[in-house]
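Please view the structure below before reading on.

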Amino acid sequence: MRRNGSFLYPRTRPALSSAKGVWGLRDAYEGLQNAEWPVPSANYGISNQVSVYGGTSLVTSINSGTFPVSAGNSIAVFVSWYTTATVTLADTMGNTYTACTAVSATGPTKGQWFYCMNLGASSSSNVITVTFSVSSDYTTAQFFLLSGGFLKQFDTTASGTASASSVTSGSFNTAAAGIVLVGRNSYNAQSTTTWSSPYTPVSAIPAGGLYSSSAQNIFSSAQTGITVTETGNSSTNRALAVLALK
C-alpha cells in the first residue's frame with residue numbers, strides 16, 4: 001500500500017471547518033514527515049486593542065479607525081451606550097459579527113459583546129463600524145484582535161446588573177481552554193475587577209471613554225463556578241457582560 005496513495009491519504013479531504021477535518025489533515029502531514037504543520041495552542045491573547053469614545057453628544061455610529069487583521073485572527077467588540085438603541089456591527093471586509101445578548105441596567109445603561117471568529121482573509125485597512133438604531137450618547141466601543149491559537153469558537157456568556165458600588169456576574173462554566181473577556185459599563189469608570197478562584201486578572205484594559213472598561217483572563221483548561229465582580233467608588237447603575245471563547 002502506498003503511503004501517498006488513495007488508501008491512507010484520500011484525495012477528498014474533510015472540511016477544514018471541522019475539528020475532525022483539521023486533525024485528519026494534521027495526521028496526514030505527520031505521515032508525510034512534514035514538520036511545519038501548526039500545532040493547535042491554547043495561547044490565546046489580545047494582540048491589538050482600540051478604544052473609541054463617542055462623547056456625550058448623540059451619535060448614530062462610531063468606528064475603530066484602521067484596524068489591521070490577519071487571516072486566522074478573531075475579533076471581539078464590547079459596545080456600551082445610554083439609550084434604548086439596538087446595535088449592529090459591520091466592517092469593510094464584509095465579515096459577519098455575532099451579537100451576544102445585550103445587558104441592560106437601569107438608566108438605561110447597556111453593554112453588549114460581538115464577535116467574529118477565524119477570519120478568512122487579511123487586511124491592512126479594515127475598519128469596523130458600530131451603528132446605533134437611534135441616536136445615542138455616552139457611546140464607547142472596545143475592539144479586540146485575538147491571536148495565538150487555532151480552532152477558536154464561542155464558549156459561553158454571563159452577565160450581571162446592579163445599582164450599587166459593585167456588580168457580580170452570574171456563575172458560569174467554561175468548556176475548554178480559551179479566553180474570558182469582561183466588559184463593564186457604568187456611570188463611574190473608577191473601578192477594579194476581581195475573579196473567583198482560581199482566576200486572577202491578566203490585565204485591565206483602559207476604556208476609551210468615561211463609562212466603559214474591560215478585563216481579560218486566559219485559562220488553560222475547563223473551569224466551573226466562575227464569577228467576576230466589578231467594584232467602583234460609588235453606587236451607580238452597572239452592567240457587566242462576560243464573553244468566553246475557546
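## Aromatic pairs

The model is predicted. It holds six aromatic pairs. In one of them, the ring centres of Phe67 and Phe143 are 6.2 Å apart and the planes meet at 55°, so this pair is tilted. Phe67 sits in the loop between β2 (59–66) and β3 (74–81), while Phe143 belongs to strand β9 (residues 139–147), so the pair ties together parts 76 residues apart in sequence. Phe67 has 0% relative accessibility and counts as buried. Phe143, at 0% relative accessibility, counts as buried too.

Trp81 and Phe132 have ring centres 6.1 Å apart and planes at 55°, so the pair they form is tilted. Trp81 lies in strand β3 and Phe132 in strand β8 (residues 127–136), so parts that are 51 residues apart in sequence are tied together by this pair. Both Trp81 and Phe132 are buried.

## An aromatic cluster

Phe78, Trp113 and Phe144 make up one aromatic cluster.

## Asn73 and its contacts

A polar atom of the Asn73 side chain lies 2.8 Å from the backbone nitrogen of Ser70.

Which residues does Asn73 touch, not counting residues up to four places away in sequence? They are Met117, Asn118, Leu119, Leu145, Leu146, Ser147 and Lys152.

Definitions and conventions. Residues numbered from 1 in each chain as written. Predicted model: local features only at pLDDT ≥ 70, side-chain atom pairs only at ≥ 80, totals over all residues. Heavy atoms only, no water. Phe/Tyr/Trp six-rings, centres within 6.5 Å; stacked < 30°, edge-to-face > 60°. Helix = DSSP H or I, 4+ residues; strand = E, 2+ residues; numbered from the N terminus. Buried < 20%, exposed > 50% of the residue type's maximum accessible area, 1.4 Å probe, protein only. Polar contact = N/O pair within 3.5 Å; in protein donor to acceptor, adjacent residues only side chain to side chain. Contact = heavy atoms within 4.5 Å.
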